[in-house]
Amino acid sequence: MKDAFDFANLDTDRKNRTGFSETVFCQGKTTEHLVEIYKRLFESDGQAFGTRANAQQAEAVKKLFPQAEYDETSHILKITETNKAVPARSGCVAVCSAGTSDIGVAEEASQTAEYFGAKVDRYYDVGVAGVHRLLSQIENIRTANVIIAVAGMEGALPSVIGGLVRVPVIAVPTSVGYGANFGGLSALLSMLNSCANGISVVNIDNGYGAGYNAAMINRLAVQGNNL
């Protein structure tokens with residue numbers, strides 16, 4: 001069932017069909033439209049989750065929902081259920097970032113996976129320029145059901161991780177890098193051409209897509225372990 005109004009058709013039945021509720025892509029929306037969308041989603045589901053929000057949008061939503069949370073690093077704007085016990089997060093998703101400059105995208109992935117029920121362990125600034133940093137954490141990373149590897153520059157981190165673990169790796173290229181990085185294109189092509197097995201790749205800076213897919217994989221792993 002869709003909740004239709006002048007400027008948006010909200011898919012309020014998505015959670016019943018797919019197990020995950022609709023997410024708002026805030027970028028490009030007017031503040032007035034965004035506030036109304038959050039209002040309708042909250043009325044329908046008791047919570048709302050959006051990506052790529054700016055500070056002005058967050059301030060407007062918070063005027064209507066003081067409990068709304070905005071993270072300036074990931075640009076995620078969310079309203080969680082305040083009158084219900086929050087279920088314990090399950091399984092484990094490991095989110096690794098190559099550098100500190102990649103943390104914004106990594107946090108978008110981490111918070112998305114957490115919102116959709118996964119326990120997330122963060123391993124930031126473990127890129128190949130100092131591979132000992134990754135190796136010092138690899139035994140912990142190996143305990144995850146799925147790994148997200150976020151990297152700009154030449155995008156080598158997912159390939160290194162892919163050769164060291166036995167679970168799926170979701171590679172996220174970022175637009176971090178100098179001119180020949182071409183806004184993340186070089187990292188994207190490196191990841192697509194990785195010779196390591198078990199790697200899938202999402203679009204440039206698409207932390208949300210990686211977090212969503214990781215949450216799905218993690219959920220399947222948890223269900224399998226409980227059989």
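1. In this predicted model, strands β9 and β10 run parallel to each other, and their pairing comprises 5 bridges. Strand β10 covers residues 169-173.

2. How many residues of β9 are buried? Of the 6 residues in this strand (146-151), 6 are buried, and the strand is described accordingly as mostly covered. Val146, Ile148 and Val150 point to one side of β9, while Ile147, Ala149 and Ala151 point the other way. Residues on either side are buried.

3. As regards the whole fold, the protein chain contains 9 helices and 11 strands. Its radius of gyration is 18 Å, close to the 17 Å given by the globule rule for 227 residues, so the chain is as compact as a globular protein of that length. The C-alpha trace extends about 50 × 50 × 25 Å along its principal axes.

4. Of the 227 residues, 46% count as buried. Among contacts between residues at least 6 apart in sequence, 66% join residues at least 24 apart.

5. The accessible surface of the chain is about 11,200 Å², and carbon and sulfur atoms account for 51% of that area. The chain carries 19 positive and 23 negative charges, with mean positions 5 Å apart.

Technical notes:
Residues are numbered from 1 along each chain as its sequence is written. This is a predicted model: local features need pLDDT of at least 70, side-chain atom pairs count only at pLDDT 80 or more; totals for chains, interfaces and linings use all residues. Side-chain values use heavy atoms; hydrogens and water are left out. Helices (H or I, at least four residues) and strands (E, at least two) are DSSP runs, numbered from the N terminus. The radius of gyration is taken over C-alpha atoms; the globule rule is 2.2 Å times the number of residues to the power 0.38. Buried means under 20% relative accessible area, exposed over 50%, partly exposed in between (1.4 Å probe, protein chains only). Contact means heavy atoms within 4.5 Å. Accessible areas come from the Shrake-Rupley method with a 1.4 Å probe; for residues, only the protein chains shown count as cover. Lys and Arg count as positive and Asp and Glu as negative; His and the chain ends are not counted. The place of a charge is taken as NZ of Lys, CZ of Arg, CG of Asp or CD of Glu. Two strands pair if DSSP finds at least two bridges between them.
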